[in-house]
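Colleague: Thanks for sitting down with me. Could you walk me through a few local features of this model?

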Amino acid sequence: MSKKEKKAFQLVKGMKDILPEDQRYWEHVRRIGRELGSQYNYGRIDTPILEFTKLFDRSVGAYTDIVEKEMYSFRDRGDEDITLRPENTAGVARAYIEKGMVNLPQPVKLYYFGPFFRYDKPQSGRQRQFWQIGFEAIGSDAAVLDAQVINIGMKFFRRLGLAVVVQINSLGCVDCRPNYQEVLSDYLKGKKNQLCEDCKRRVTKNPLRAIDCKEEECQKLMADAPQQVDYLCEACRDHFIATLEYLDELEVVYNLNPKIVRGLDYYTRTAFEYTISDQESGRQSALGGGGRYDGLVEELGGRPTAAVGMAIGIERTIKELRAQDIKVPEKQEYDIFLAQLGKEARKKCLSLQDKLLEAEVNVAENFSRDGLKTQLELANKLNVKYTLILGQKEIVDGTILIRDMEGGIQEVVDFNKAIPEVKKRLKLRDGEGS
RNA sequence: GUGGAAGUAGCUCAAUGGUAGAGCACUAGGUUGUGGUCCUAGUGGUUGCGGGUUCGAGCCCCGUCUUCCACCCCA
């Protein structure tokens, strides 16, 4: 292969390898997610990465950025319009309907962990393939579930050692949202010449989106704009207040934030984001978010079904763990290194390794290397407590050497007693440690 | 999609327009089969790619790709 051809193989834009050295972070995060799932009785669900494009048009919303310009969509060989999922609430809702989960005790609680795809310009904390962990409670409009879902996310971050704040808002429902949109639209129309270009368009198309516009002028105007919470219908207001009361009970630190509007059309009532302030810039960045989506299941052809859920970005979370230098558990450590010298020894070590593993001894090796020096160097790098050394001499004598890596003291033991001797020493060490 | 910065060895980085280097890492040695420190040597590059200017380009110019950063959006 030519140099040129070699160079041609590189990461697709916006993709990342997750290397062995990164895995301890991923395992840690995954484990905490799994723990929370089982503690709060959310069952794991894995839906396919591919769904019909129509699913996202219908759920996420045809006029959202995600659907308009960020989806990986293609036509497959059977002439079907297919999309790599850009998020998972739609897929989970689809599964809920299609698998008849309406017949299970409600609400149905589910969690997921997997990769998602959006064709966006990569930058810090933003990739084209990214991973999320998410929790969904489908089949109840109880505000206590809003609080529980929010709380699970807070617990997730707290267990990792991250101090996040939840920004919360209520978007109202199909009944009261139009009222508010009208009021807001009227307000904005009156100030139209002071708005940025984007917001001028938003006034008629989707005035809610103007609320979190980042333009300074627009921000100023938004400070005096009518707020959603003041235009909620009674049911939505009660629901919102109840949610906040439950959060108080759980001692969840939240921040009422009318700018949380969310970029997906299916959200109703509660909308929230988990934010953390950047160490250097002080800027707030979102690690996750979610909300209620009481209309989604029906929109996708199911019965009217209330639901609430949230998702957390794994890469952003890990980035934060690294930035704050937060300790995560080390990967598996080895207690023993098995060194061999010569053809015969290698053969015997091959099966000795298996026997050690059966005896639940963490043993490392590099049978493909010959020199003892090299093998001891490896043993040293792996930070093992003992190295077992087997050479010609030991084979003839029916023995094996146990080398204490700290002091360098070596003992000769009967080859057939190697495993109990090793276990005895490891046990003694542990005893000393405590 | 818009704007800004940067691309040299696996990693971190040097190199007035004049023969591409260091540290780390990796490999092999420093007499028989012994690590942590040390010493020696070696492998590894068409300087992201393609053009242009020049006697001569890693360096200057243009394009392109990728990464990073900001906007937008979101996770």
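Colleague: Let's start with Arg269: in which strand is Arg269 found?

Modeller: A word on the source: this is a predicted model, where local features need pLDDT of at least 70, side-chain atom pairs count only at pLDDT 80 or more, and totals for chains, interfaces and linings use all residues. Residues are numbered from 1 along each chain as its sequence is written, while chains are lettered from A and ligands numbered from 1 in the order in which they are written. Helices (H or I, at least four residues) and strands (E, at least two) are DSSP runs numbered from the N terminus. On that numbering, residues 268–277 form the strand that holds Arg269, namely E9.

Colleague: Is Arg269 buried or exposed?

Modeller: I count C-beta atoms, placed from the backbone, within 10 Å of the residue's own: 20 or more others make it buried, 12 or fewer exposed, and anything in between partly exposed. Arg269 has 26 such neighbours, so it counts as buried.

Colleague: And what is the phi of Arg269?

Modeller: Arg269 is not a glycine, yet its phi is positive. The value is about 50°.

Colleague: Turning to helix H7, which residues of H7 are buried?

Modeller: H7 covers residues 177–190. Its exposed residues on the other side include Pro178 and Glu182. The buried residues are Arg177, Tyr180, Leu184 and Leu188.

Colleague: Now a packing question: at what angle do helix H3 and helix H5 pack?

Modeller: Axes are lines fitted to C-alpha atoms, for helices over the stretch in contact, and angles run from 0 to 180 degrees between N-to-C directions. Angles under 35 degrees count as roughly parallel, over 145 as roughly antiparallel, 65 to 115 as roughly perpendicular and the rest as oblique. H3 and H5 are therefore roughly perpendicular. Their axes are 9 Å apart, and the angle is about 110°.

Colleague: Which residues of H5 make the contact with H3?

Modeller: Two residues are in contact if their C-beta atoms, placed from the backbone, lie within 7 Å. H3 contributes Leu55, Phe56, Ser59 and Val60. From H5 come Ala90, Ala93 and Arg94.

How values were computed. Expected span 1.5 Å × (residues − 1).
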